[in-house]
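Student: Before we go through the labels in this model, could you set the values against the cut-offs for me, so that each conclusion can be followed?

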Amino acid sequence: MNTIEERIYDFLKAFPPFSMLTSAQLLEICKAIDIHYLEKDTDLFIAGDPIDNQFYVVKDGAIGLFREETLALVDECDVGDIFGLRALMRKGEYKLSAKAIEESIVYSISSELFEDYITTNAEASAFLMSSFAANISYIESNPLQHKNQTEPIQDFFEEQSADYSKNPVHCNQQTSIKDAAQIMTNKRVGSIIIAKNNMPIGIITDKDLRTKIATGLVSIDESVTKIMSSPVITYPENITVAEAQIAMIKNRITHLCITKDGTPNSELKGLLSEHDIVVIRENNASVLVKEVKRAKTAEQLKHIRERAHQVLKRYIKQQIPITFATKIIALVNESITQRIIDLAIAEMPEAPPTTFSWLAIGSQGREEQLLLTDQDNALVFNNVNESDYEKTQTYFLELSKKINHGLNIVGFELCPADMMGSNPKWCLSVSKWNEQFKTWITKPDQDNLMLCTIFFDFEYVYGDINLVNMMAESIFESIDSRDIFLNYLGLNALKNPPPLSFFRQFLVEQDGAHKDQFDIKARAMMPLVDAARLLILSKNTKTHSNTITRYEKLAELEPQNKDVYFACRNAFKKLLRFRTEQGLLHNDSGRFIDLETLSKANRLELKNCFKAVKDIQDLIQTRFKLSQFL
């Protein structure tokens, strides 16, 4: 390797999917990479141009992807980011323009290298397809429509790796048709593969038995080779749902053989059927949301939420971006809650006496609840005459009880701290909510600050959105009249410093049920959540409740601090994914982690996230002049 190849190799090996390749595969790519130096505002390609036979990796600087007609920035690609993959696979013309938004160096990789060394590596290919899915979400105009829009959401299951049967039923060439049919019956399958030296040479399906045996065309005592379909259509293990659907339609077949390298001359690894595709489609998020709207009972909604949990598992396994996963799961949760509310209203003896709104609060309000945890919610109703208040509140408390009970059936446990709409404290008119917020802000003791951190992260779910907007206005008006409140909130945001001891060891629980375990929520995630909330409130910005989008908005508002905010955003993404992975692995909330079970790489990745916690807390301490209070 020459010096340039060595530098490219050392850079790429640190980033997926290149880190997933063998050294030999990566070396071959490095030998053929083209290097592009771009001055600021230089175009790499322009919308409408024919697509080059390559995709790109940012080595230094940053590349912006822009819509040509509006010049709107669609995405910003930083060091290590891949772009142009969607265009490469789509062919035709570029839909976006790529421009250097600062002095940049970009590597380009040809489609030949992509096909020879990346698509043949299952892990690398799965990662790239997930990145491909993420790119679609930006390019095709975000499919996750706002809750007030009526257009249906879409899902990227077509671009995900297809789940196939890992232990396909097979027999050899000498097997009789009768014996093969008996094997199919015993195994309760609709097909059998004929293999030679564990390589597929043919396949028989139920249809072959109906059309060739039951009709008397071929004797049941003949060899399976007499009626098998051959040659078989084969694909590699990383086949996507889209590829499978196209292959089945093109070849007019219902089964694909999965082999080690995708050819008939390699080891048989599995079988993908049309039925498998149907199952995947049934667990597609957009399909689940449609089913939610048709559900008649909470029990049916529970089944749909369990299927959404399987969707989440698939997203995490296939490295779908965590921001996409959170939006999809939040949308499913929101749809389920809306349906539960509809069912609860239908059970009430009369219609609501006035307009109301249901709010998700805490992690649900921030749309960061990927795993099934306890529910946190509240209800606000329109102002009524004082003489009617008690009667009106009683109605909405009864409605809230039904809603909380329905959500509990679905799988969202009742909040142990009773922070739910069925609690009279959290079922109030809009004016009494405003009084509550004003009290918390003007008397910021520890309890009131804790309530602020929960209730200031609210998200409209159902009902009259004007009531929610009125509540938001009230919060900012109260903060404006009490500047010192942000200082108190700042002190609260500093109460959990980076969770490392003097010797850079993890700070773990000292006693209780989780002794010696690491609390990733309280010690790592909440400091970032609290900081984002404080800073976005200080900017009088009302439209962002999600931690990731808060940091992105802060980077837009304060470009001089964008490095800190992007580091916090990225750290939170990693922590959210890590907690979700742990929760799925142990079938719990993922909050408490046994560090002994983690690899050295995982522990290092966690520690790297803590630098962002320190940096954002330093920024807060300086901005709000909190040193005198510490």
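**Reading the labels**

Tutor: Ala247 has a relative accessibility of 3% and counts as buried. This is a predicted model, and the residue belongs to helix H8, which covers residues 241-251.

Student: What makes Ala247 buried at 3% relative accessibility?

Tutor: The label requires a relative accessible area under 20%, and Ala247 stands at 3%, so it is buried. Once neighbours within four places in sequence are set aside, Ala247 is in contact with Tyr235, Ile253 and Leu256, where contact means heavy atoms within 4.5 Å. Thr234 is 13 residues from Ala247 in sequence, and the two C-alpha atoms are 9.5 Å apart. For the whole protein chain of 630 residues, 52% count as buried.

Student: What is the phi of Arg188, and what is the phi of Asn540?

Tutor: For Arg188, phi is near 55°, a positive value in a residue other than glycine, and for Asn540 phi is likewise near 55°, again positive in a residue other than glycine. These values are worth noting because most residues other than glycine have a negative phi, and most peptide bonds are trans.

Student: How do you know that the peptide bond joining Ser230 and Pro231 is cis?

Tutor: The omega of that bond is about 0°, and the bond is given as cis. Pro231 lies in the loop that runs between helix H7 (206-213) and strand E12 (234-235).

Student: Turning to the rings, why is the pair of Trp426 and Phe455 called tilted?

Tutor: A search of the whole structure finds 25 aromatic pairs. In the pair of Trp426 and Phe455, the ring centres are 4.5 Å apart and the planes are at 40°, so the pair is tilted; the cut-offs are under 30 degrees for stacked and over 60 for edge-to-face, with the rest tilted. Trp426 lies in the loop between helix H14 (386-410) and strand E17 (427-429), and Phe455 in helix H16 (residues 446-455), so the pair ties together parts that are 29 residues apart in sequence. Both Trp426 and Phe455 are buried.

Student: What makes the pair of Phe437 and Phe456 edge-to-face?

Tutor: Their planes are at 70° and their centres 5.8 Å apart, so the pair is edge-to-face, given that planes over 60 degrees apart take that label and that centres must lie within 6.5 Å. Phe437 is in helix H15 (residues 430-442) and Phe456 in the loop between H16 and strand E18 (458-463), 19 residues apart; both are buried. Ring pairs link Trp426, Trp433, Phe437, Trp440, Phe455, Phe456 and Phe485 into a cluster.

Student: How do you know that the charged end of Lys166 sits over the ring of Tyr164?

Tutor: The charged end of Lys166 is 4.3 Å from the centre of the Tyr164 ring, and the distance limit is within 6 Å, together with a position within 35 degrees of the ring normal. Lys99 lies over the face of Phe66 at 5.9 Å from the ring centre.

Student: Why are strand E2 and strand E5 said to stand at the edges?

Tutor: The open sheet has four strands in the order E2-E7-E4-E5, with antiparallel pairing. Strand E2 (43-45) and strand E5 (73-77) each have a single partner strand, so one side of each is left without a neighbour in the sheet. The twist from one strand to the next averages 25°.

Student: What makes strand E4 and strand E7 a pair?

Tutor: Pairing requires at least two bridges, and four bridges join E4 (residues 63-66) to E7 (residues 97-100), which run antiparallel. Within E7, Ala98 is the bridge partner of Leu65.

Student: Where is the pLDDT below 50?

Tutor: The mean pLDDT of the protein chain is 86, and 90% of its residues reach 70 or more. Over residues 130-158, however, the pLDDT is below 50, although this stretch has 71 contacts in the model beyond near neighbours in sequence. Where pLDDT is low, the predicted coordinates should not be read in detail.

Notes:
Residues are numbered from 1 along each chain as its sequence is written. This is a predicted model: local features need pLDDT of at least 70, side-chain atom pairs count only at pLDDT 80 or more; totals for chains, interfaces and linings use all residues. Side-chain values use heavy atoms; hydrogens and water are left out. Helices (H or I, at least four residues) and strands (E, at least two) are DSSP runs, numbered from the N terminus. Axes are lines fitted to C-alpha atoms, for helices over the stretch in contact, and angles run from 0 to 180 degrees between N-to-C directions. pLDDT is the predictor's confidence in each residue, from 0 to 100. Rings of Phe, Tyr and Trp (its six-membered ring) pair if their centres lie within 6.5 Å; planes under 30 degrees apart count as stacked, over 60 as edge-to-face and the rest as tilted. Buried means under 20% relative accessible area, exposed over 50%, partly exposed in between (1.4 Å probe, protein chains only).
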